[in-house]
Amino acid sequence: NKNNNNNNRYASTNNDNNKKNDIKNDNKNDNDITKDDANEYLSQLGYNDAMIQRGIKEALRSIHGSTKNITRAHLESFGINGIKALSLSVALELEKEAKDAIEGTVLVHLPRTTQPPMEIQIRNGQSIYTFITSNSHRNQEASAAAFVLKEYLDCSCQGTMACSTCHVIFPHKTHYQASLERCPLTEEEEDMLDLAYDVTETSRLGCRVFFSKDMLLQDHKIEIIIPNHVNTNIW
């Protein structure tokens, strides 16, 4: 059954594209509704940094023993004091990681251009989503690169695997495999990729592509492709 699903997933026919358009149109309002209420709640409490938000939610996932999305209800049940304690723990862990952090160059192939790939400097532990949404870039070049990527990768669900607007493709299978070792593919991610345009066997959601030291220290720079059918509002 899994093989059959994969074969269907990577089929590229006009009928499939029409069906995807219908599904996306039908689910547009649902996607608006499923914007991450957990991140919104954390922001209301003063936790605006994307890395802190992600760390709090990852901690709660481990507590609940689940890979499902963490919602506002989970956070409220944990309590404000519990969230504060988690945020401090996450901040300390991030500070520890930052001391040992390295930066590496990732090449991003933008759609509909003949220009060379854009180079972004990304730290180990970051994902494409947290790079885009970070408020603590080290220099103006990184901030500018994040702004450009945000124009293409909408990240509508704020990194909760509830949309496919951060869909990216690895042109090299070894880089794709390295991304799986750092953050394995889940059923939720596969479900969202089923709704994305131009899906390939090396497609991933940008919010699930976390860069490790090993990935950034490879002899060949990591490359990702942003598909042609992303955020067409900017064209």
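Buried means under 20% relative accessible area, exposed over 50% and partly exposed in between (1.4 Å probe, protein chains only). This is a predicted model: local features need pLDDT of at least 70, side-chain atom pairs count only at pLDDT 80 or more, and totals for chains, interfaces and linings use all residues. Residues are numbered from 1 along each chain as its sequence is written, and side-chain values use heavy atoms, with hydrogens and water left out.

**Exercise 1.** Determine which residues of H8 are buried and which exposed residues lie on the face turned away from them.

Solution. Helices (H or I, at least four residues) and strands (E, at least two) are DSSP runs, numbered from the N terminus. The buried residues of H8 are Ala142, Ala145, Ala146, Leu149 and Tyr152. They cover an arc of only 115 degrees around the axis (from the directions from the helix axis to the C-beta atoms), which puts them on the same side of H8. The face turned away carries the exposed residues Gln140 and Phe147.

**Exercise 2.** Identify the largest nonpolar core and the element that gives the most to it.

Solution. A nonpolar core is a set of buried Ala, Val, Leu, Ile, Met, Phe, Trp, Tyr and Cys residues joined through side-chain atoms within 4.5 Å. The largest has 34 residues; among those with the most contacts inside it are Val106, Ile128 and Leu149. H8 gives the most to this core, with five residues. A second, separate core of 13 residues includes Ala38, Ile56, Leu60 and Val90.

**Exercise 3.** State which residues Ile128 touches, not counting residues up to four places away in sequence.

Solution. With contact meaning heavy atoms within 4.5 Å, Ile128 touches Leu153, Val168, Gly206, Val209, Phe211 and Ile224.
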